[in-house]
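Dear colleague,

I am handing over the structure we spoke about, and I would be glad if you could look through it alongside the notes below.

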Amino acid sequence: MKSDQVLLLGDPRLHEVSTPVVQEELAGLAPVIQDLHDILFEFKARFAHYGAFRAIAAPQIGVMKRLIYMYIDKPVVFINPALTNLSVEMIELWDDCMCFPNLLVKLRRHKSCTIEYMDEHWQPQSLSLTDSLSELLQHEYDHLNGVLSTQLAIDTHSFRWRK
């Protein structure tokens with residue numbers, strides 16, 4: 001199973017900062033993007049009862065590049081994303097992660113944000129996000145910077161095992 005490639009909590013690579021993708025690397029990323037797609041769908045099937053797992057960042061499979069793959073209604077590839085326009089208003093939620101799929105972490109994220117990125121055709125794109133999509137992309141963006149939701153917990157009581 002490709003999902004065995006996902007790094008688990010405790011792996012030091014999860015705390016590394018990813019390097020930007022350069023345009024010359026684009027063609028070589030196709031297999032990585034396919035792996036991210038396949039792994040995301042394996043997790044969706046394996047943990048269907050959670051109704052989670054909508055995106056994955058390349059560092060979660062040990063590829064230390066600034067690349068996020070999301071599938072909601074269709075696939076979206078975010079290359080070298082940057083978060084801007086972070087709202088002052090925050091939302092509180094129980095966050096989950098493929099690197100520790102049975103653990104939930106209570107944290108706060110910005111209610112809205114904008115993500116600017118290059119798409120898989122190296123064209124600049126921008127999306128304004130709110131609520132669950134905003135928190136989702138903030139979570140994946142954190143992976144690019146070596147930050148896990150366990151580091152952002154509201155307090156020491158903000159952890160829960162998912163049933």
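Predicted model: local features only at pLDDT ≥ 70, side-chain atom pairs only at ≥ 80, totals over all residues.

The annotated site

The UniProt record, which is an unreviewed entry, places the feature "active site" at Glu-140, and in the model Glu-140 lies in helix α2, which covers residues 131–144. Because its relative accessibility is 3%, where the limit for buried is under 20%, Glu-140 counts as buried. When its neighbours within four places in sequence are set aside, Glu-140 is in contact with Ala-55, Ile-56, Ala-57, Gln-60 and Ile-68.

The helix that carries it

Helix α2 has 14 residues and reaches 21 Å from its first C-alpha to its last, which is close to the 20 Å expected at 1.5 Å a residue. Eleven of those 14 residues are buried, so α2 is largely enclosed by the rest of the structure. The buried residues of α2 include Ser-134, Glu-135, Leu-136 and Leu-137, and among them are also His-139, Tyr-141 and His-143. Just after α2, Gly-146 takes a positive phi of about 75°.

The largest pocket

The largest pocket has a volume of about 210 Å³. Its lining is made up of 16 residues, of which Phe-53, Arg-54, Asp-95, Asp-96 and Leu-136 are the closest to its centre. Helix α2 and strand β4 (90–95) each supply at least two residues of this lining, and the largest share, four residues, comes from α2. By residue type, the lining of the largest pocket divides into eight nonpolar, three polar and five charged residues. Leu-136, then, is one of the residues closest to the centre of the pocket, and it is also one of the buried residues of α2.

A residue in strand β3

Thr-84 has its place in strand β3, which covers residues 75–84. Thr-84 and Ile-115 are 31 residues apart in sequence, yet their C-alpha atoms are 6.2 Å apart in space. Not counting residues up to four places away in sequence, Thr-84 touches Cys-113, Thr-114 and Glu-116.

With best wishes

Methods: Residues numbered from 1 in each chain as written. Heavy atoms only, no water. UniProt positions renumbered as here; feature names shortened; annotations may be inferred. Buried < 20%, exposed > 50% of the residue type's maximum accessible area, 1.4 Å probe, protein only. Contact = heavy atoms within 4.5 Å. 1 Å grid on protein atoms, 1.4 Å probe; cavity = no way out; pocket = protein on both sides within 12 Å on 5 of 7 lines; lining within 4 Å. Points joined across faces, edges and corners; volume = space filled by probe spheres on them. Nonpolar A, V, L, I, M, F, W, Y, C, P; charged D, E, K, R; others polar. Expected span 1.5 Å × (residues − 1).
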